[in-house]
Amino acid sequence: MGARFELAGRTALITGAGSGIGRALALGLARRGCHLALADIDAAGLAETAERLPAGLRVSRHRLDVADREAVAALPAQIRAAHLGLDLLVNNAGVALGGSFEQVSEADFDWLLGINFWGVVRMTRAFLPLLRESPEARIVNLSSLYGLIAPPGQTAYAASKFAVRGFSQALAHELAGSTVGLTLVHPGGVATRIADSARLPADLAPEEAARGRALANGYLKLPPGRAAEIILAAVEQRRARVLVGSDARILALLERLMPASYWPVLARLMRRP
């Protein structure tokens with residue numbers, strides 16, 4: 001193996017490629033000469049991403065709900081037919097759900113876990129055999145800053161992202177010494193539409209919902225293109241973990257220093273004008 005995981009001429013599958021970090025990763029990979037399989041539940045978003053890609057690459061689009069067990073199981077055959085093989089699996093698709101644990105319904109909790117966690121597990125299970133056929137391959141799993149810290153109002157989201165973290169770390173240990181590596185990603189506040197599209201409790205007052213979305217959007221500052229470049233650089237360097245953004249780096253350190261008491265400190269800092 002060379003010093004870098006070279007992306008030119010490889011084939012990557014990205015979930016959630018219709019917007020946000022997924023779209024930015026597709027553009028970044030395309031600039032590096034990587035062929036692309038783009039997957040998203042949003043067909044219009046997929047089309048827009050594909051339109052922005054340069055000519056000369058092999059690109060396929062796949063409308064996919066990663067929570068759909070049968071659809072995920074059928075996808076490897078489609079990827080093999082379109083691309084012959086796969087070198088990079090990027091499990092990026094994710095959704096958000098606001099509200100306290102008592103406010104959030106069991107159905108909505110299950111909905112989020114089906115996408116954010118089970119989508120990652122099922123995509124990995126479905127594509128690991130295909131990845132093993134490559135001389136060298138990688139899996140890229142997106143956790144979150146909320147896979148490092150767990151603020152109130154994020155029981156479902158934090159549970160899913162901590163689960164992705166644990167799953168990825170254990171899987172990386174199992175894959176050690178094989179031709180498949182794994183990069184675990186913890187993005188901080190990236191300027192995507194995740195807060196605007198988040199589900200909220202049905203009985204939440206409209207003004208409270210608007211305040212919550214505005215507050216969440218205030219923390220989403222890092223441009224998706226910058227986040228994608230940080231992630232892709234980590235993939236090229238075969239890094240096991242990457243913290244994306246200064247907020248992720250600072251809060252990861254705070255949690256490490258104060259694992260049982262970081263939240264009161266962080267809450268006080270957040271209340272400062």
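# Reading helix contacts and loop residues in a predicted model

Biologist: Which feature does UniProt place at residues 10-193?

Modeller: In an unreviewed entry, UniProt places the feature "domain: Ketoreductase" at residues 10-193. The model before us is predicted. In it, the span 10-193 is 45% helix and 18% strand, and its end C-alpha atoms lie 29 Å apart.

Biologist: Which residues of α5 meet which residues of α6?

Modeller: From α5 come V120, V121, T124, L128 and R132, and they meet V164, F167, L171 and L175 of α6. Sorted by class, this contact of α5 with α6 has 7 nonpolar, 1 polar and 1 charged residues.

Biologist: Helix α6 also has a contact with α4. How are the axes of α4 and α6 placed?

Modeller: The axes of α4 and α6 come within 9 Å and cross at roughly 25°. The two helices are therefore roughly parallel to each other, and their crossing is right-handed. On the α4 side the residues are F109, L112, L113 and N116; on the α6 side they are T155, A156, Y157, A159, S160, K161 and V164. The contact of α4 with α6 divides into 7 nonpolar, 3 polar and 1 charged residues.

Biologist: What is the arrangement of α1 and α8?

Modeller: Here the angle must be compared with further cut-offs: 65 to 115 degrees counts as roughly perpendicular, and over 145 as roughly antiparallel, with the remaining angles above the parallel range called oblique. Helix α1 (residues 20-31) and α8 have axes that cross at roughly 60° and come within 8 Å. Helices α1 and α8 are therefore oblique to each other, and this crossing is right-handed.

Biologist: Which residues make up the contact between α1 and α8?

Modeller: In α1, the residues G20, I21, A24, L25, G28, L29 and R31 meet P224, G225, A228, E229, I231 and L232 in α8. By class, the contact of α1 with α8 has 8 nonpolar, 3 polar and 2 charged residues.

Biologist: Let us turn to single residues. Is D108 buried or exposed?

Modeller: A residue is called buried when its relative accessible area is under 20%, and exposed when it is over 50%. D108 has a value of 18%, so it is buried. This residue is in helix α4. Leaving aside residues up to four places away in sequence, D108 touches L97 and R199.

Biologist: Where is E102 found, and is it buried or exposed?

Modeller: E102 is found in the loop between β4 (88-91) and α4 (106-116). Its relative accessibility is 79%, so E102 counts as exposed. The C-alpha atoms of E102 and T155 are 9.8 Å apart in space, although the two residues are 53 residues apart in sequence. T155 is one of the α6 residues that take part in the contact with α4.

Biologist: Where is E136 placed, and is it buried or exposed?

Modeller: E136 is in the loop between α5 and β5 (137-142). With 9% relative accessibility, E136 counts as buried. E136 and F5 are 131 residues apart in sequence, yet 8.3 Å apart in space, C-alpha to C-alpha.

Biologist: How does one read a backbone angle? What is the phi of L84?

Modeller: L84 has a phi near 75°, which is a positive value in a residue other than glycine. L84 lies in the loop between α3 (69-83) and β4. L84 is exposed, with a relative accessible area of 69%.

Biologist: What is the corresponding reading for R238?

Modeller: R238 is not a glycine, but its phi is positive, at about 60°. R238 is placed in the loop between α8 (224-236) and β7 (241-244). At 21% relative accessibility, R238 counts as partly exposed.

Notes:
Residues are numbered from 1 along each chain as its sequence is written. This is a predicted model: local features need pLDDT of at least 70, side-chain atom pairs count only at pLDDT 80 or more; totals for chains, interfaces and linings use all residues. Side-chain values use heavy atoms; hydrogens and water are left out. UniProt positions are given in the numbering used here, feature names are shortened, and annotations may be inferred rather than shown by experiment. Helices (H or I, at least four residues) and strands (E, at least two) are DSSP runs, numbered from the N terminus. Contact means heavy atoms within 4.5 Å. Ala, Val, Leu, Ile, Met, Phe, Trp, Tyr, Cys and Pro count as nonpolar, Asp, Glu, Lys and Arg as charged, and the others, Gly among them, as polar. Buried means under 20% relative accessible area, exposed over 50%, partly exposed in between (1.4 Å probe, protein chains only). Axes are lines fitted to C-alpha atoms, for helices over the stretch in contact, and angles run from 0 to 180 degrees between N-to-C directions. Angles under 35 degrees count as roughly parallel, over 145 as roughly antiparallel, 65 to 115 as roughly perpendicular and the rest as oblique. A crossing is left-handed if the near helix is turned anticlockwise from the far one by less than a right angle, and right-handed if clockwise.
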